[in-house]
Amino acid sequence: LTVSHTTQLLHTSSFYPNYSPNKYSPNYSPSFSPDYSMPVATSLTTPLLTISLLIAMSSSSTAKAVAPRQPVAPWPLALPPQDGNLRALAEAKGAGRFFSVWAKLATTNLAEVKPEAGEAGWTVFTISDEAWLDVVPQGPVDPLELDPVLQRLVVATQLVLGHLDLTVPSTTKTVGGRTLVLKIRPDGQLVANDVPVKMVTGEGKNQLCVLEKLLFIRPEDVEIGVERARGTST
């Protein structure tokens with residue numbers, strides 16, 4: 001007998017005590033023909049609800065959140081050593097904020113200084129210290145000084161490793177993988193991703209380009225950096 005058949009017989013017997021499926025039992029009557037449409041409907045519905053409830057309870061008790069197999073470690077940026085002479089020159093020209101962020105990042109586990117990374121030189125595409133004041137809200141918490149994640153974003157999007165000829169159009173990548181398209185306008189103006197370069201200076205193989213506006217970093221990136229620096233976000 002199937003489960004439904006057995007349940008049906010049990011329910012029928014409970015509703016009709018004198019009914020027995022066994023023709024050899026004392027209470028057997030050939031003429032007895034009970035109307036068990038209601039018990040059948042009940043017998044079919046009740047076991048199904050019970051089984052469904054048991055399955056749901058079993059599923060809920062065994063379904064658990066699965067933790068990651070291993071923690072995700074930060075990927076360190078391979079950075080060259082700073083050029084002290086170029087940093088001093090940039091600070092004298094009002095564009096030294098980037099180098100301060102770079103120095104802070106180099107002390108964290110989000111970056112790794114490798115001397116060989118700067119053997120062919122490097123180029124920085126950043127904004128002036130005055131322009132940074134319009135990007136980072138003034139207050140007691142400075143994410144460029146206190147938030148390594150924002151520091152990494154700044155350096156990753158503004159530093160290009162290797163020799164870069166700024167006198168010809170080219171396409172290059174920052175150390176963090178962002179694309180920079182350099183063009184020379186008919187009037188001789190150098191632009192990076194269509195943003196004019198206001199100033200170009202250099203020291204040996206290393207160069208500094210000061211842009212009119214910031215590339216790649218969004219206002220919400222800075223806002224979240226402020227929250228992390230305050231300890232209210234991760």
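Buried means under 20% relative accessible area, exposed over 50% and partly exposed in between, with a 1.4 Å probe and protein chains only. The legends below describe a predicted model, in which local features need pLDDT of at least 70, side-chain atom pairs count only at pLDDT 80 or more, and totals for chains, interfaces and linings use all residues. Residues are numbered from 1 along each chain as its sequence is written, and side-chain values use heavy atoms, with hydrogens and water left out.

**View 1. The whole chain.** The chain has 8 helices and 9 strands. These are DSSP runs numbered from the N terminus: helices are H or I with at least four residues, strands E with at least two. Of its 234 residues, 34% count as buried.

**View 2. The aromatic cluster of F98, F99, W102 and W122.** These four residues form one cluster. Rings of Phe, Tyr and Trp (its six-membered ring) pair if their centres lie within 6.5 Å; planes under 30 degrees apart are stacked, over 60 edge-to-face, and the rest tilted. The structure holds 5 aromatic pairs. One of them, F98 with F99, is edge-to-face, at 5.7 Å centre to centre and 85° between the planes. Both F98 and F99 are buried. W102 and W122 have ring centres 5.0 Å apart and planes at 75°, so this pair is edge-to-face too. W102 lies in helix α4 and W122 in strand β3, so the pair ties together parts that are 20 residues apart in sequence. W102 is buried, with a relative accessible area of 1%. W122 is buried, also with a relative accessible area of 1%.

View 3. Beyond four places in sequence, F125 touches residues including L164, L180, C209 and L211; contact means heavy atoms within 4.5 Å.

View 4. All 6 of the 6 residues of β9 (residues 206-211) are buried, so the strand is largely enclosed by the rest of the structure. N206, L208 and V210 cover one side; Q207, C209 and L211 are on the other. Two strands pair if DSSP finds at least two bridges between them. Strand β3 (residues 122-126) pairs with β9 in the parallel sense over 4 bridges, with V124 opposite L208. Strand β8 (residues 195-203) pairs with β9 in the antiparallel sense over 6 bridges, with V200 opposite C209. The hairpin of β8 and β9 has 2 residues between the strands, and G204 takes a positive phi near 65°.
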